[in-house]
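Subject: Structure for your files

Hello,

Here is the structure I said I would pass on. My notes on it follow below.

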Amino acid sequence: MRKAKALAKNGVVQIEDGLYQVKSLTNPFKSYMVTSDSCDCEGFRNFYKFHHGKDLKANCSHLEAVRIFKANHKKTGKGTTTRK
Ligand SMILES: [Zn+2]
């Protein structure tokens, strides 16, 4: 997911623990509130409309971006041995 990677770099802002604001890819003036497993974009909400009760996990590029964002920050955070 190249889109999500680009978003993680430039479009993710951490609001608080577990809450992120992710920019829309299609509309730069729009952004979505994303938690670790939910997003308020249309794609995410539609997923549950169409796949309701099938025990599937919805995904979208915003959620993916937050995951990458978190992974990137772990690397530079405490507890790692990487030093410059
Ligand atoms: Zn989304």
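In α1, the buried residues are A4, L7 and A8. Buried here means that 20 or more other C-beta atoms lie within 10 Å of the residue's own, exposed means 12 or fewer, and partly exposed is in between, with C-beta atoms placed from the backbone. These three lie on the same side of α1 because they cover an arc of only 100° around the axis; the arc is that of the directions from the helix axis to the C-beta atoms. Exposed residues R2, K9 and N10 sit on the face of α1 turned away from the buried side.

Please keep in mind that this is a predicted model: local features need pLDDT of at least 70, side-chain atom pairs count only at pLDDT 80 or more, and totals for chains, interfaces and linings use all residues. Residues are numbered from 1 along each chain as its sequence is written.

**Overall layout**

The protein chain has three helices and three strands, and along the sequence they follow the pattern α-β-β-β-α-α. Helices (H or I, at least four residues) and strands (E, at least two) are DSSP runs, numbered from the N terminus. Of the 84 residues in the protein chain, 21% are buried. Among contacts with a separation of 6 or more, 42% are between residues 24 or more positions apart. A contact means that the C-beta atoms of two residues, placed from the backbone, lie within 7 Å.

**The sheet**

The three strands form an open sheet in the order β1-β2-β3, with antiparallel pairing. Two strands pair if DSSP finds at least two bridges between them. The edge strands are β1 (12-16) and β3, each of which pairs on one side only. Neighbouring strands of this sheet are turned by 30° against each other on average, direction ignored. For that angle, axes are lines fitted to C-alpha atoms (for helices over the stretch in contact), and angles run from 0 to 180 degrees between N-to-C directions.

Four bridges hold the antiparallel pair β1 and β2; in one of the pairings, E16 has L19 in β2 as its bridge partner. β1 and β2 form a hairpin with two residues between them, and G18 in the turn has a positive phi of about 80°. G18 is exposed, because it has 12 other C-beta atoms within 10 Å. Leaving aside neighbours within four places in sequence, G18 is in contact with T35 and S36. G18 and D37 are 19 residues apart in sequence, and their C-alpha atoms are 9.3 Å apart in space.

Between β2 (residues 19-23) and β3 there are five bridges, and the two strands run antiparallel. Q21 has M33 in β3 as its bridge partner, and V22 has Y32. Y20 and V22 form the covered face of β2, while L19, Q21 and K23 form the uncovered one.

**The core**

What lies at the centre of the contacts in the largest nonpolar core? This core has 15 residues, and those with the most contacts inside it are V12, V22, V34, A65 and V66. The elements that give two or more residues to it are α1 (2-10), β2, β3 and α3 (61-76), and α3 gives the most, with four residues. A nonpolar core is a set of buried Ala, Val, Leu, Ile, Met, Phe, Trp, Tyr and Cys residues joined through C-beta atoms within 7 Å. In soluble globular proteins, nonpolar side chains tend to be buried together.

Beyond its neighbours within four places in sequence, A65 is in contact with A4, L7, A8, G11, V12 and V22. F69 lies in helix α3 and counts as buried because it has 22 C-beta neighbours inside 10 Å. Leaving aside neighbours within four places in sequence, F69 is in contact with A8 and V12. The C-alpha atoms of F69 and V12 are separated by 7.2 Å, although the two residues are 57 residues apart along the chain.

Regards
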